[in-house]
Amino acid sequence: MSKLVTLRKSGNSLVLTVSADFKDEIGCQYTVNQRSDGSIVYQPVSKPNIFDDADWMNYDYQRDLQEDPELQLLDPVGKERLEE
């Protein structure tokens, strides 16, 4: 999809307005490069999936639940409402 946009100044920045057709891309981050021929290339920043990391894949969550005192079950002391 090719659209015509105009470079404009906004404060201390230069801005290229993006058409509302790109609404699914709101919040996405891009790297920007200007090539020697003057073209400007925006590429989406791909964030790595931390759960694809071998350290996370082999992480023992059950051991954490047993050994970390902050993750232990609590004994009610007063009038706490416990929903089961």
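Which side chain meets E67 in a salt bridge? In this predicted model, the partner is R63, with 3.7 Å from N to O. Side chains of opposite charge can pair when their charged atoms come close.

Now find the pair on the chain. Helix α2 covers residues 61–67, and both E67 and R63 lie in it. They sit 4 residues apart, which is about one turn of the helix.

| Residue | Relative accessible area | Class |
|---|---|---|
| E67 | 55% | exposed |
| R63 | 41% | partly exposed |
| Y59 | 35% | partly exposed |
| A20 | 63% | exposed |

E67 counts as exposed because its relative accessibility of 55% is over the 50% cut-off.

Let's turn to Y59. This residue is found in the loop between α1 (54–57) and α2. Y59 also belongs to a nonpolar patch on the surface, together with I50, F51, W56 and Y61. The accessible area of the patch is about 510 Å² in total.

Finally, look for A20, which has its place in the loop between β2 (13–16) and β3 (30–34). How far is the C-alpha atom of A20 from that of E70? The two atoms are separated by 47 Å, and the residues are 50 residues apart along the chain.

Definitions and conventions: Residues numbered from 1 in each chain as written. Predicted model: local features only at pLDDT ≥ 70, side-chain atom pairs only at ≥ 80, totals over all residues. Heavy atoms only, no water. Salt bridge = Lys/Arg side-chain N within 4 Å of Asp/Glu carboxyl O. Helix = DSSP H or I, 4+ residues; strand = E, 2+ residues; numbered from the N terminus. Buried < 20%, exposed > 50% of the residue type's maximum accessible area, 1.4 Å probe, protein only. Patch = residues over 30% accessible without salt bridge, like charges linked within 9 Å, V, L, I, M, F, W, Y side chains within 5 Å. Areas by Shrake-Rupley, 256 points an atom, 1.4 Å probe, with all protein chains shown as cover.
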